Amino acid sequence: MIPLRDSIRLNRLSLVTIALIAANVIAIAAGGSILGGPTAATIVHYGAIPYEFTHLSSHCDIAAAGFATSVLCTGQAHVLGAASAQPATWETAFSAMFLHADLLHLAGNMAFLALFGRTLEDRIGRLRFLAFYLLGGLVALALQVAASPGSTTPTLGASGAIAAVLAGYVVLFPRARVLMAIPIRTVEVPAWLILVLWLAFDVLLGVFGVSTPFGGHAGASYYAHFGGFAFGLLAVRAFARGRQPDYGPPPRIA
């Protein structure tokens with residue numbers, strides 16, 4: 001299912017949403033290729049690894065053992081030597097939000113950001129939307145780290161931030177309708193159903209379709225999804241405070 005348009009009329013061009021989509025596309029291309037996804041080294045160096053956040057003096061890198069590839073971190077009992085030069089751990093909290101495991105992972109997230117991000121940006125304002133998006137991604141990562149503090153599997157993708165956007169959208173536009181493309185036809189559904197379907201799709205994508213070269217599922221950060229969702233539900237009204245109210249009953253989509 002692909003979201004095509006919603007029933008909310010926009011008042012201005014969604015510059016921040018466009019910039020975020022462009023940044024995500026550039027990131028996957030710069031880290032490897034759009035079709036093939038980022039390289040293994042890019043995933044490990046620029047993805048957010050929970051172990052690095054719970055062991056701040058440690059850095060993780062790729063280790064090869066025969067035909068197998070794994071991620072090992074300095075500070076672990078069986079690891080000797082130092083990791084190669086790479087970004088500071090705090091930087092990966094942001095870089096991981098713009099890095100996706102492959103084209104399907106990127107396209108799925110950007111389709112939802114393109115529709116729901118622009119409406120939320122129009123409602124709460126450009127700078128507030130940018131802050132909301134980034135904070136949603138950080139809160140999502142924090143919950144993922146708290147849930148799996150010893151994991152060395154890189155967390156990738158904008159899923160947590162977009163979960164916050166979707167939750168915020170549903171709170172501010174509970175009566176909105178969304179036109180979705182499904183095989184053979186299009187169908188109009190309530191916005192809250194999109195949130196449920198997106199969460200289900202993202203979890204299934206992580207389980208069946210998006211895996212890192214190390215055997216773990218990058219992007220399948222289930223706790224991050226729900227962390228972003230909870231942040232969106234709880235915080236969006238604070239970000240919308242002082243902005244114009246809801247646009248009134250949404251029209252049917254032609």
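This note comments on a disulfide, a hairpin and a surface patch in a predicted model.

1. The disulfide. The count of disulfides comes to 1. The link is formed by Cys60 and Cys73, whose sulfur atoms are 1.9 Å apart. For the reader new to the term, a disulfide is a covalent bond between the sulfur atoms of two cysteines.

2. Geometry and setting of the link. The angle about the S-S bond is 95°, and the link of Cys60 and Cys73 is right-handed.

3. The hairpin. Strand β6 (residues 177-182) pairs with strand β7 (residues 185-190) in the antiparallel sense, over 6 bridges. Within this pairing, Val178 stands opposite Val189 in β7. The two strands, β6 and β7, form a hairpin with 2 residues between them. In the turn, Ile184 has a positive phi of about 80°.

4. The surface patch. Which residues form a nonpolar patch on the surface? They are Val25, Ile34, Leu35 and Leu103, and together they have about 330 Å² of accessible area.

5. Ile34 lies in the loop between β2 (32-33) and β3 (37-38). Ile34 counts as partly exposed because its relative accessibility is 34%, a value that falls between the limits of 20% for buried and 50% for exposed.

Conventions: Residues numbered from 1 in each chain as written. Predicted model: local features only at pLDDT ≥ 70, side-chain atom pairs only at ≥ 80, totals over all residues. Heavy atoms only, no water. Pairing = 2+ DSSP bridges. Helix = DSSP H or I, 4+ residues; strand = E, 2+ residues; numbered from the N terminus. Patch = residues over 30% accessible without salt bridge, like charges linked within 9 Å, V, L, I, M, F, W, Y side chains within 5 Å. Areas by Shrake-Rupley, 256 points an atom, 1.4 Å probe, with all protein chains shown as cover. Salt bridge = Lys/Arg side-chain N within 4 Å of Asp/Glu carboxyl O. Buried < 20%, exposed > 50% of the residue type's maximum accessible area, 1.4 Å probe, protein only. Disulfide = S-S within 2.5 Å.
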